[in-house]
Every structure is written in C-alpha cells, then in structure tokens.
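Subject: Handing over the two-chain model

Hi,

Here is the structure I promised to pass on to you. Please have a look at it first, and then read my notes below.

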Amino acid sequence: MINLEIPKKFKPLVSQANQVATEVFRPISRKYDEAEHSYPKELDMLASLIDGMNEGSDIGGAGAAGVRRESNGDGGENRNGSNLSTVLGIIELCWGDVGLLLSMPRQGLGNSAIASVATDEQLERYGGKWAAMAITEPEAGSDSASIRTTAELDGDEYVLNGEKIFVTSGDRADLIVVWATLDRSVGRAAIKSFIVERDNPGLKLDRLEHKLGIRASDTANFTLQDCRVPKEALLGSPEVNVKEGFAGAMQTFDNTRPLVAAMAVGVARAALEETRGRLAAAGVEVDYSTPALSQHAAAARFLEMEADYEAAWLLTLQAAWMADNGKPNSLQASMAKAKAGRTCVDVALGCVELCGSVGYGENELLEKWARDAKILDIFEGTQQIQLLIVARQLLGKSSAELR
Amino acid sequence: MTTADTDRSVAERSMGFGLRALNRLAGSDLLDRIRIRKQVERALFQGAKNGFRSATAAGRTFKAAQKLGKPARQAKSRSKGLFDLAPDDEQQMFQEAGRAFAEEKVRPAALDADANRATPKELLDQAAELGVDMLGVPEELGGVMHEQSAVTSVLIGEALAHGDMGIAYAALAPGAVATAIGLWGSAEQEATYLPAFTGEDVPAAALAILEPRPLFDPLKLETVAHKDGGEWVLAGAKSLLARATECELFVIAAEADGIGPALFVVESGAKGLSVEDEPAMGLRPAATGRLLIEDVRLPAGALLGEGKPEDYVECVNRSRIAWCGLAVGAAQAVLDYVIPYANERTAFGEPISNRQGVAFAISDIGIESEGMRLATYRAASRADRGEEFAREAAIARRLGATKGMQIGSEGVQLLGGHGFVKEHPVERWYRDLRAAGVMEGALLV
C-alpha cells in the first residue's frame with residue numbers, strides 16, 4: 001500500500017529530535033559558527049540522552065550510529081526500520097544545525113561505517129565510542145581507489161603509513177576509521193578500513209581547517225607514521241578479493257549517502273521555513289491551488305524550491321526504506337545524495353536572495369545555512385561522483401568505460 | 001498456437017486477467033451487466049479543419065437506471081501507518097496490465113496516431129476493457145473499486161503514457177468525468193450517468209476546466225453560470241478537450257452566481273454547445289478541441305453535487321496529479337529510450353555514453369523523473385486516505401511542469417539532429433511533456 005508519510009511509530013522520535021534541534025542546537029548555532037574549533041560542550045549531555053534513546057528503542061536513534069543493513073527475512077513484509085528512523089532524526093537535527101549534528105559525540109560517519117560492516121566482536125569492542133572517518137588524502141579525494149596510505153601486516157599488527165585530510169571530528173573522536181591499501185599494485189580490491197584509536201602514538205594531528213561553513217564541526221588533518229593497530233582492527237574481511245573489487249569498502253557509502261542526503265534535506269527545510277515566514281510577513285503568501293505563475297514572483301520561486309526540496313526528501317526516504325527492506329539501493333542512495341546536495345545549495349542560496357539583506361546578514365541564520373549547505377554537495381561523494389554512479393548504474397557501465 | 005497468437009496473448013491475457021480479478025472484486029460479471037442505454041450512433045468528425053465549427057456529438061440518452069437515497073461514494077483507503085513504496089496487489093495488477101497494453105498496443109500505434117490526430121477506436125475499446133473509465137465509479141453503481149483509486153489511476157496513467165502520452169489522454173479522459181460524478185455527484189446524477197461508464201460502449205466525455213487565455217487560473221474562471229429563474233445559463237469557452245467532437249457528456253467548470261467556481265454536468269445535445277478543432281503542439285492522438293458554450297440553459301440539477309467550493313478546488317488538484325502521472329510515464333519513456341541509444345551511438349571512436357557530458361544528462365533524467373514519481377505518488381495516496389493534499393498536488397505539478405519539460409528537451413538533445421526528426425519518438429515526447437505544465441482539468445484521479 002503506497003504511503004509516503006512519516007510512519008506513525010517514528011513520530012515521537014521525530015518530535016524529540018525536533019525539540020533537541022529547537023532547544024539545544026538553534027540557540028548555540030551562531031555561537032559555534034563564530035567560535036570555530038572550540039568544542040560545543042553543550043553536546044555532551046545531549047549525546048548521553050541520544051545514547052539513551054538508542055538503547056531504549058529497537059527502531060534506531062537519531063544519529064548515524066543506528067544504520068545497519070537489514071536482511072529481510074520475513075517474507076517481503078514491509079519494514080520501517082533503523083535506516084528510515086535515522087534519516088528522519090537527522091533531518092530534524094540538521095534543521096537545527098548541521099555543524100552541531102556533525103559534532104555529536106558517537107554519531108560520526110565512522111560509527112556508520114562500523115555499524116555497516118563490523119563483525120559482532122568488533123561491534124562489541126568499539127561500541128559506545130565516537131568514530132570519525134578518514135578517507136581523503138591530499139592527492140586523492142573523490143578518487144578514493146587511488147589512496148596511498150598503506151597497511152602492512154607485521155605479526156599480529158597492521159602498520160599504517162600515510163596522510164589523511166578532511167577528517168570530520170577527527171580531533172574529538174575516540175576512534176578514526178582509516179582507509180588504507182594492503183597492496184597498491186592490486187588497486188581497489190586491496191583497500192580496507194582500519195579502526196585506529198585516537199590516542200595511538202602513530203597518529204599525529206597536523207592541523208584543524210578553517211572553513212566556509214559547518215564551523216562547529218572540527219575538520220582535522222593527520223599524519224600516520226608507523227601507526228600500529230591490532231589485526232582485529234581491520235573492518236570486514238582481510239581477503240583481497242579482486243572479483244569483489246571495491247564493493248566491500250563502498251558498501252558503507254550505500255548506507256551513509258542517505259544520511260548525508262538527510263542532512264541536506266534538513267538544512268534546506270530550515271531555509272525554506274524561515275523564508276516562508278519572512279515572505280508572509282512581507283505580504284507574500286504561497287498558495288498551493290493558484291498556479292505558480294499567477295502568484296507573486298517570490299511565491300513562484302518559493303514553490304519551485306519547495307518542489308525540489310520535496311523531491312529530495314522523498315528520494316532520501318526511498319533510499320532508507322529500501323535499505324530497511326533489504327533491497328539493493330546503491331542507485332537510489334546516489335540519486336538521493338545528488339538531488340539533496342544540489343537542492344540544498346540552490347534552496348539555501350535562493351532563500352538568501354529572497355530575504356535580501358536579512359538573508360545575507362549575520363543577524364539571522366539564513367546566510368549560515370547557505371554556507372553550511374555547500375559541504376553537503378561535496379562530502380560522501382561530490383555531486384559529480386553521484387552523477388557518475390547513477391549514470392554507470394543506469395547505463396550498465398563499468399568504471400573503466402565511464403570514467 | 002501460432003506465433004501471432006502468442007504475440008497477441010501476452011497483452012490480452014493480462015487484460016483478461018485484469019478483468020477477471022476486477023469482476024471478482026465487483027462480485028458481478030461485467031460482460032453480463034444489463035445494458036441500460038440505447039446505442040446512439042457516434043458522429044465522427046476526424047479531419048475537421050482548424051476553425052471548422054461543428055455541433056457537438058449527437059449523444060446518447062442518459063437515464064437514471066436505479067435510484068439511491070443518497071450518493072454512493074468509494075471508501076477512503078486505510079493505511080497501516082507505515083512508509084511503503086510498494087503498490088498493493090490490486091494496484092500492481094492494474095499497473096502490469098497497463099504496462100503490457102502500453103508496450104504491445106499503444107507504443108506501436110503512437111507514430112500514426114500523432115500524425116493522424118486520432119487514436120484508433122480499437123485501442124480506446126481495449127483501454128476501456130482494462131477498466132480505466134470506471135476506477136472512480138462506486139461499487140453500488142457497477143464500479144469495481146471499493147476504495148478510492150487515485151494511486152491506481154496514477155499508476156495506470158503512468159503505464160499508458162509510457163506507451164504514448166497523447167493516446168493515454170484520449171483513453172483516460174472519459175474516466176475523468178465518471179470520477180468527478182462518482183466523487184461529488186448527487187444520487188440522481190450518479191444513477192443517470194455512471195452506468196454508461198461501466199458498460200462496453202463507454203461514451204467519450206470531457207472534464208472541461210481549462211480556458212483559452214494566458215495565465216489561466218482555474219480559480220478565476222471566465223466561463224460563467226448565471227441563475228435565471230430555476231435554470232442555469234452557461235457561457236464561455238473551454239480548451240484542449242480530448243476527442244471533443246465525439247464527446248457525449250461534459251463536466252464544465254464555470255463561475256456560478258452565489259457559489260463561485262463550480263462544476264456542471266452538461267450533455268452534448270444541449271443547445272448552444274459547439275466544438276472547434278484545436279490542434280496543439282502535442283497530445284495530438286487525443287484530437288484536442290475547444291468547446292464553445294453560448295448561453296446554454298441547464299436545469300437546476302445540472303450543478304454537480306452540492307456545488308461546494310472545496311469540491312471544486314479538490315477537483316483542480318486531483319487533475320494536476322493525473323497530469324503528473326502521465327508526465328512521469330512519458331519521462332520514463334525518454335529515459336528508457338536514451339539509454340540504449342547513448343550506449344549504441346558512437347562518436348570519436350566510442351559510445352557517446354562513455355562521456356560524462358552525455359552520461360550526466362541521463363543521470364539527471366533518472367533523478368528528476370524519480371523525484372516527480374515519488375511526489376505524484378505521495379499526493380495521490382494522501383487523496384486516497386482523505387488527507388489534505390493541495391500542497392502535495394502543487395509540488396507534483398511544479399515538478400511535472402519544470403522537470404517534465406527539461407526531460408523532454410534533454411531527450412531530443414541527447415539524440416542531436418536525430419532527435420529532431422520523426423524517425424525517433426523523442427521529438428513527440430518533447431511536445432507532449434510540455435503539456436504537464438499547461439493542462440488543467442481534463443484528467444482526474
């Protein structure tokens with residue numbers, strides 16, 4: 001039965017997340033945008049609260065840690081599970097502040113990676129810790145197959161060497177999930193992810209970035225120098241399976257792309273809601289039954305943006321729903337990320353224009369959302385990478401054919 | 001079994017399957033249903049020239065077959081409260097039958113239907129056999145759907161438009177009138193008109209809202225309905241009605257004295273009605289025409305239902321959802337066509353789809369058509385559950401108008417000069433998809 005509404009059972013969670021966004025995130029949003037690199041201590045108490053929420057329910061929480069692919073063992077019965085609830089929670093929290101969401105202890109993308117591919121032993125060992133994700137290198141961004149950080153087995157330990165940049169929450173997290181290659185000559189298949197404890201002496205913080213947006217979130221650059229981790233720190237299978245190729249490592253992304261899409265949806269909605277109110281105060285009400293072109297130009301523009309927002313929102317829920325129901329969603333996850341990423345930027349910048357100097361000035365949050373928005377069309381795969389993934393899937397092309 | 005039989009049977013078997021299941025649902029046999037109306041010869045006006053004006057079709061006599069105390073209504077659908085993208089069994093059955101019909105019958109007929117500005121009668125009859133005209137007819141009046149059918153209508157519209165959007169319009173237009181009467185009509189109106197839509201000889205009929213002027217707003221109609229004694233007097237003009245010269249029944253929107261915009265049921269024989277041919281850039285198989293309404297006098301009972309303003313607004317929004325459904329189907333047709341083309345067409349020594357400039361355009365078609373689809377489904381499913389859906393319909397409308405047009409344009413662009421010539425269907429889809437931002441009324445879910 002086709003129904004594209006927020007499921008009843010998740011409404012309490014959505015409402016809780018919205019309260020957190022309203023009461024905790026929004027009031028400190030500007031403060032930590034200005035005080036870049038200072039830790040938002042307000043989040044500690046909140047993180048415990050969210051841990052509690054996650055513990056107390058079987059439907060997943062409001063953060064990234066809840067994401068795990070479900071196997072659909074119950075004969076095709078429709079499921080609304082942790083992928084969907086997580087996406088819904090993230091939308092609300094990012095409606096509050098995406099930078100603060102990214103700074104939430106124990107809700108990092110590294111946590112999703114662990115949740116996605118970790119063994120039960122690893123889940124046991126690393127559960128309850130805050131994990132950041134380190135993929136990008138100075139010479140390898142979108143082209144993550146060409147990373148140069150190496151991992152060599154030495155007895156019962158792997159030895160990691162290389163340089164990692166743009167590690168979200170890298171300074172604050174307990175763990176860093178580091179992508180490294182077991183054998184550069186093999187290519188993609190040899191790329192594995194390793195869990196490195198933040199206090200490992202081989203992991204050296206080089207610097208924290210100054211950024212356009214999401215300034216509440218720290219973005220760290222590291223050097224790994226003979227960084228030794230136990231053999232059990234390797235996530236997933238240690239086998240270098242050339243047939244499977246990159247699939248193992250990329251599996252994480254099918255689960256995390258809808259999350260980033262959800263962040264973009266949340267930011268876009270914040271901008272739209274604020275703008276709707278300000279347009280109404282200026283005497284422009286958006287009417288849904290009157291044709292767009294018979295309304296004020298600002299209302300028509302708003303409708304156009306709201307329509308894109310809705311498409312992004314629905315694509316995001318679709319990708320999460322498919323994951324909950326054990327359906328392969330790589331195509332839909334990338335569609336959601338592509339649509340939400342670009343929509344978020346267009347909408348946030350469009351809202352700044354509609355609100356004029358009120359939108360552009362720092363007295364309000366519209367300009368901040370417009371700055372925050374841009375990263376959402378970049379990290380976890382840029383717009384162009386998503387289009388590439390979508391195109392390869394639609395056209396049935398390999399990465400060698402369509403580069 | 002011969003090869004021809006095998007070829008034919010796939011579409012027809014699925015159509016038969018659809019019918020059987022429908023009949024089971026209805027608890028009665030469609031084919032044995034009592035014929036309650038006199039057959040009247042249909043006037044044919046194919047090939048009418050632009051500006052040529054003719055009388056409306058002679059039309060049958062509509063007579064109430066049974067009297068119900070109060071209007072029959074389809075039930076609201078009930079949701080389990082879970083997010084779900086899977087159609088239910090009944091919807092899936094309609095969807096599959098619609099797809100098979102579209103692929104095997106509609107698409108092969110599309111080129112000629114576009115050139116001739118006519119949909120073969122055989123195709124219209126087959127579509128009627130699928131049950132497309134009676135989705136909105138309550139069970140008490142011979143309908144087959146217990147619950148409201150906006151989602152089902154969208155799925156069928158999408159499936160047929162994947163074959164051809166203009167043929168889909170021609171085939172689905174009569175159902176819009178039946179659905180309008182089934183949703184808002186009085187008991188008398190239902191009993192009089194609905195049985196005709198459940199039989200074998202479904203009348204051509206049109207839901208006439210759109211008027212010929214720029215910036216048309218369905219809430220500000222220029223067609224008027226004045227009260228004169230106990231009668232209504234209608235005057236105005238309506239645009240782009242499917243198979244206008246054949247129509248035996250109209251539901252016409254007019255600004256009514258003391259009410260505001262409202263719908264009126266008008267039989268084609270009414271004095272003062274005439275039809276003008278109105279060819280357009282697309283939707284040509286629907287043989288679009290303009291209805292001229294010159295002081296047409298109607299009894300008080302011609303007002304559809306109680307003439308509630310909110311019913312009219314709902315009608316406008318439901319028709320927008322229907323057009324989006326068609327746009328989604330046509331957009332999918334573009335995507336399905338450009339993929340093999342871009343993979344097979346070579347330039348500079350390799351398939352053009354190996355180039356990001358081409359490949360990304362195809363990604364965008366995929367992304368935007370999926371977004372349109374989901375927005376349309378959401379609006380339709382809200383309507384079926386009796387929830388507010390004006391916002392969702394408006395959203396779907398914007399996407400249908402903007403993305404539909406872009407997808408139509410991109411489809412031609414990807415084929416370059418080959419896309420501009422009639423050897424490929426993309427130029428037709430370019431013309432048809434523009435309709436999703438123009439049409440008001442005419443279809444209904």
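**Helix H11 of chain B**

In H11(B), the buried residues are Val426(B), Glu427(B), Arg428(B), Trp429(B), Tyr430(B), Asp432(B) and Leu433(B). Buried here means that 20 or more other C-beta atoms, placed from the backbone, lie within 10 Å of the residue's own; 12 or fewer makes it exposed, and anything in between partly exposed. The helix spans residues 426-433 and is mostly covered, with seven of its eight residues buried. Among the elements that cover those residues are helices H2 (89-116), H5 (165-184), H7 (309-344), H9 (390-415) and H10 (417-420) of chain B. Helices (H or I, at least four residues) and strands (E, at least two) are DSSP runs, numbered from the N terminus.

Before going on, a word on conventions. This is a predicted model, in which local features need pLDDT of at least 70 and side-chain atom pairs count only at pLDDT 80 or more, while totals for chains, interfaces and linings use all residues. Residues are numbered from 1 along each chain as its sequence is written, and chains are lettered from A and ligands numbered from 1 in the order in which they are written.

**Where the chains meet**

Chain B brings 43 residues to the contact and chain A brings 39; two residues are in contact if their C-beta atoms, placed from the backbone, lie within 7 Å. On the side of chain B, the elements giving two or more residues are H7, H8 (356-384) and H9. H8(B) supplies the largest share, 14 residues.

**Two domains in chain B**

Chain B is divided into domain 1 (40-77 + 85-203) and domain 2 (320-437), with bounds from an automatic or database domain assignment. Their C-alpha centres lie 24 Å apart. In the contact between them, 20 residues of domain 1 meet 20 residues of domain 2. H2, H4 (150-163) and H5 of chain B each give two or more residues to the domain 1 side, and the largest share, ten residues, comes from H4(B).

**The nonpolar core**

A nonpolar core is a set of buried Ala, Val, Leu, Ile, Met, Phe, Trp, Tyr and Cys residues joined through C-beta atoms within 7 Å. The largest has 230 residues, of which Val267(A), Ala348(A), Ala180(B), Ala206(B) and Phe264(B) touch the most other members. Beyond its neighbours within four places in sequence, Ala180(B) is in contact with Leu207(B), Val251(B), Leu263(B), Leu304(B), Cys315(B) and Leu444(B).

Best wishes
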